[in-house]
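Student: I have a model open and would like to go through its ligand site. Could we begin there?

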Amino acid sequence: MALLDPHTINQIAAGEVVERPASVVKELVENSLDAGATRVEVAIRAAGRDLISVSDNGSGMSPEDARMALQRHATSKIRGAQDLLRVTSLGFRGEALPAIASVSKLTLTTATEDGEAYRLVVAYGKVQSEESVPARKGTVIQVEGLFENLPARLKFLKSDATETTQVVETVSRYVLAFPHVSFRLAVEAQSAIQSPGTNDHAAALAAIWGAEIVSALAEVDSTVSGVRVTGFVGPPHVNRHARTHQLVFVNRRPVRSKTLTAAIDTAYRDLTPERRYPIVMLNLDIAPSDVDVNVSPTKSEVKFNREGAVFDAVRLTIKSALQEHGMMPAIGGALAPSGSMSTSLFSRGAALVSLPGDAPPSDLFRPADETPTLGGVPAFTPVDGAGEGNRMPFRELLDDLRILGQVQNTFIVVSTRRGLALVDQHVAHERVLYEYLCGLKAGGPADVQRLLSPETVQFDKRVAVALAEHLDLLREAGFDLEAFGTGAYLVRGVPAGLKGRGYEALLNDIVDQIVESDGKAKVESVRERVLTTASCRMAVKAGDRLEIPEMERLIEDLARTENPYMCPHGRPITLTLSWEELMRRFKRL
Ligand code: ADP
Ligand code: MG
């Protein structure tokens with residue numbers, strides 16, 4: 001038996017830490033960030049085989065530190081095992097530089113001040129030269145001839161295109177996690193990424209995914225059970241066929257985590273078609289003692305102490321963002337922007353909801369006498385010219401739309417450009433009516449249809465008393481009531497949308513809710529429930545037969561809603577089987 005010499009140990013370590021050009025880039029960029037750099041420039045030639053160069057304006061190293069850094073397990077970032085519990089730097093294992101130097105020709109030039117720099121050249125583990133050169137503060141590391149001493153490893157590399165893509169992805173992640181750092185990536189001397197480093201998260205994201213995608217995202221920032229989650233969340237209908245646009249960071253370290261992936265999937269369940277992946281970019285701030293990053297040499301896997309808390313934090317952050325940004329249009333004022341966030345509403349480019357200065361939502365709709373009605377309930381048509389297009393975020397649902405029919409008198413079968421969709425007619429109509437009612441509310445008094453002759457309703461004493469205080473809520477839902485003796489009320493008007501339908505059941509439901517929540521619930525939530533109930537009651541039912549024009553009308557109205565995927569109760573409205581999926585299932589792809 002013999003102790004391995006340091007060079008062999010470094011080569012073994014290199015196998016774990018340095019798999020491919022992208023891993024070299026990762027380690028070097030992390031070092032630059034750990035050194036406090038605000039500018040990091042990366043360049044590769046021949047997919048990193050010929051050259052990988054990373055330069056930064058960070059702290060730099062003294063000649064002694066630089067020499068030390070190339071020894072295995074030399075690190076300035078932790079002193080002992082106890083520090084592992086509170087690692088805040090990206091590196092800490094002290095094995096990257098020696099590992100890289102053992103499989104390449106590495107030139108390190110570093111200066112702690114503008115002026116004189118120290119340059120050290122190490123080729124495949126052996127020091128070649130040391131000299132002093134003029135340079136600015138910071139560090140430049142050039143890696144040439146990667147793996148040339150390990151032909152087997154060289155053979156393992158994929159095509160130039162693949163390796164280059166990996167490098168681009170690697171740099172992208174740090175651009176997103178460190179928006180205050182200005183990054184540049186040059187591939188074959190061509191600029192591939194350039195980020196402003198202005199600490200503007202959206203700008204950093206735009207540098208990677210393009211401004212168009214970013215304009216569709218909602219920014220989030222919430223803290224759930226001690227975990228702060230910040231980043232960007234996309235609407236369910238903007239999705240990809242793989243998880244390419246789902247990036248998660250823990251304390252700004254890009255990570256892979258089944259827990260976090262599952263949390264994302266759960267949040268979007270029933271909203272996004274199967275095997276489609278919405279866009280998510282999240283950073284979790286977790287106490288370093290609550291997360292173990294020392295699971296693998298590349299540190300991309302993490303273990304959480306409080307797995308459940310982390311899961312919930314991600315799931316709830318996404319869920320509430322989806323609700324806040326159009327999943328569940330809030331009543332009244334919330335339709336107008338109420339904070340920095342609501343302007344995005346999944347769309348900075350095209351407003352999905354009314355912004356101040358626009359016509360109030362109530363003007364956007366009018367009962368359309370000439371259009372087919374749904375079981376006696378009118379469909380609603382936007383006023384002509386009122387932002388056709390920019391008010392139809394889900395317009396794509398309508399592309400090449402063909403109603404194929406109705407099944408079980410419950411589901412509408414639709415062919416769209418994206419695939420085959422099944423729409424639950426009741427929840428779909430409910431969504432349409434709900435937003436209609438919300439719109440009315442925001443625009444002023446609800447649309448009340450006066451009864452030709454008022455009718456009397458009788459409530460028991462307790463209900464009658466509670467109701468007396470909340471007639472305004474009823475009015476918002478379109479009921480005009482007036483006290484008329486003990487326990488009796490005169491009904492003077494009913495919601496316009498009800499038309500021929502009996503209003504008693506709806507009135508009773510709403511009254512029950514008002515009474516039940518009296519004193520406890522906030523007015524807002526009672527209002528919300530009143531409108532939810534009203535839309536549910538007024539909507540066509542499962543089992544109602546619909547004619548094709550009625551169905552067309554409904555789908556068109558649905559496409560105009562802010563969220564054609566989920567009803568106000570949180571039930572799914574539409575299930576889509578994409579053509580691609582269909583082809584795959586029939587083994588045609
Ligand atoms: P680790 O990052 O795990 O500490 P590395 O082998 O990656 O180990 O780096 C060894 C040490 O070299 C670091 O701890 C740091 O002190 C120093 N170092 C490496 N790169 C830089 C850089 N770009 N700027 C300043 N110091 C650096
Ligand atoms: Mg490092």
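Student: How far is an oxygen atom of ligand 1 from a polar backbone atom of Gly94?

Tutor: That distance is 2.7 Å, a polar contact being a pair of N or O atoms within 3.5 Å. Please note that this is a predicted model, in which local features need pLDDT of at least 70, side-chain atom pairs count only at pLDDT 80 or more, and totals for chains, interfaces and linings use all residues. Residues are numbered from 1 along each chain as written, ligands are numbered from 1 in the order written, and side-chain values use heavy atoms, without hydrogens and water.

Student: How much of ligand 1 does the protein bury?

Tutor: Taken alone, ligand 1 exposes 530 Å², and the protein buries 93% of that (Shrake-Rupley method, 1.4 Å probe).

Student: How many residues surround ligand 1?

Tutor: There are 21, and the closest are Asn31, Thr75, Ser76, Lys77 and Gly94; a residue counts if one of its heavy atoms lies within 4 Å.

Student: Changing topic, is Arg136 buried or exposed?

Tutor: Arg136 is exposed, because its relative accessible area is 64% and exposed means over 50% (1.4 Å probe, protein chains only).

Student: How far apart are Arg136 and Gly115?

Tutor: They are 21 residues apart in sequence and 5.7 Å apart in space, C-alpha to C-alpha.

Terms used
Polar contact = N/O pair within 3.5 Å; in protein donor to acceptor, adjacent residues only side chain to side chain. Buried < 20%, exposed > 50% of the residue type's maximum accessible area, 1.4 Å probe, protein only.
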